[in-house]
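Welcome, and let us take a walk through this fold together.

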Amino acid sequence: MMQTAPQIVAYQPSYRSALLDLSIRAWEPVFPQLKDDVPGFVYESFYPRGWRERQFEDLATTLDEEPSHVDVALIQTSPVGWVCTRLHPEDRMGEVYVLAVDPGFQQRGVGHALLEHSIDRIRRAGMNMVMVETGDDRGHAPARSAYESVGFERWPVARYFKNLDT
């Protein structure tokens with residue numbers, strides 16, 4: 001755990017660039033393993049211009065379109081991680097939609113603090129459960145471990161793809 005807990009604050013547009021940068025760096029080790037673990041046609045369909053560009057666009061959209069759902073972890077005044085929390089009242093469920101921590105601050109309690117903050121936000125909204133999704137490939141193993149360490153239970157889901165070009 002960290003010696004100094006991060007301060008968690010509401011997202012401000014001035015954090016945008018730093019959050020996008022740290023997110024891409026955080027997922028740098030994940031995507032090569034993902035690429036090795038999934039069928040090539042699936043990977044190419046999701047990331048035809050490369051994973052960095054797709055992730056950047058998706059995360060930028062989240063920050064731009066859901067700023068009130070985003071919380072940022074700061075050490076002193078520097079962003080070191082962020083979480084986007086979505087609510088699904090029809091299911092009485094909250095969702096940890098994005099969780100990213102700067103690689104230099106991983107394994108130091110930042111992700112845990114952001115996750116707990118997201119869970120508290122969901123609890124305060126009156127939801128009765130929390131969901132988070134992640135990959136089942138080798139690259140996402142640390143994420144699965146982190147979620148399980150705070151009590152998330154795995155729900156078995158199978159997702160299949162068929163290549164129509166062959």
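Where is D102 found? D102 is found in the loop between β4 and α5; helices (H or I, at least four residues) and strands (E, at least two) are DSSP runs, numbered from the N terminus. Before going further, please keep in mind that this is a predicted model, in which local features need pLDDT of at least 70, side-chain atom pairs count only at pLDDT 80 or more, and totals for chains, interfaces and linings use all residues. Residues are numbered from 1 along each chain as its sequence is written, and side-chain values use heavy atoms, with hydrogens and water left out.

D102 is buried, with a relative accessible area of 11%; buried means under 20% relative accessible area, exposed over 50%, and partly exposed in between (1.4 Å probe, protein chains only). The side chain of D102 reaches the backbone nitrogen of G104 at 2.8 Å. Leaving aside neighbours within four places in sequence, D102 is in contact (heavy atoms within 4.5 Å) with L22, R25 and V80.

P103 lies in this loop too, between β4 (93-101) and α5 (110-124). With a relative accessible area of 35%, P103 is partly exposed. Its contacts, again leaving aside neighbours within four places in sequence, are L22, R25 and A26. The C-alpha atoms of P103 and P29 are separated by 9.9 Å, although these residues are 74 apart along the chain.

The loop also holds Q107, which is exposed at a relative accessible area of 77%. Look at its backbone: Q107 has a positive phi of about 65° although it is not a glycine. Most residues other than glycine have a negative phi. Q76, in the loop between β2 and β3, has a positive phi as well, of about 60°, and counts as exposed at 73% relative accessibility.

Now for the rings. The structure holds 6 aromatic pairs; rings of Phe, Tyr and Trp (its six-membered ring) pair if their centres lie within 6.5 Å, and planes under 30 degrees apart count as stacked, over 60 as edge-to-face and the rest as tilted. Y43 and Y47 make a tilted pair, because their ring centres are 4.9 Å apart and their planes stand at 55°. Y43 is buried at 7% relative accessibility, and Y47 is buried at 13%. The rings of Y147 and F152 have centres 5.9 Å apart and planes at 65°, so this pair is edge-to-face. Both Y147 and F152 are buried. Ring pairs also link F31, Y43, F46, Y47, W51 and F161 into a cluster.

Finally, turn to the interior. A nonpolar core is a set of buried Ala, Val, Leu, Ile, Met, Phe, Trp, Tyr and Cys residues joined through side-chain atoms within 4.5 Å. The largest one has 24 residues, and L19, W27, F31, V72 and W82 have the most contacts inside it. Two or more residues each come from α1 (16-27), α2 (30-37), α4 (51-65), β2 (70-75), β3 (78-88) and β4. The largest share, 5 residues, comes from α1. Not counting residues up to four places away in sequence, L19 touches Y11, L63, V72, P79, G81 and W82. Apart from this core lies another, of 14 residues, among them V83, L99, I119 and F152.

Technical notes
Polar contact = N/O pair within 3.5 Å; in protein donor to acceptor, adjacent residues only side chain to side chain.
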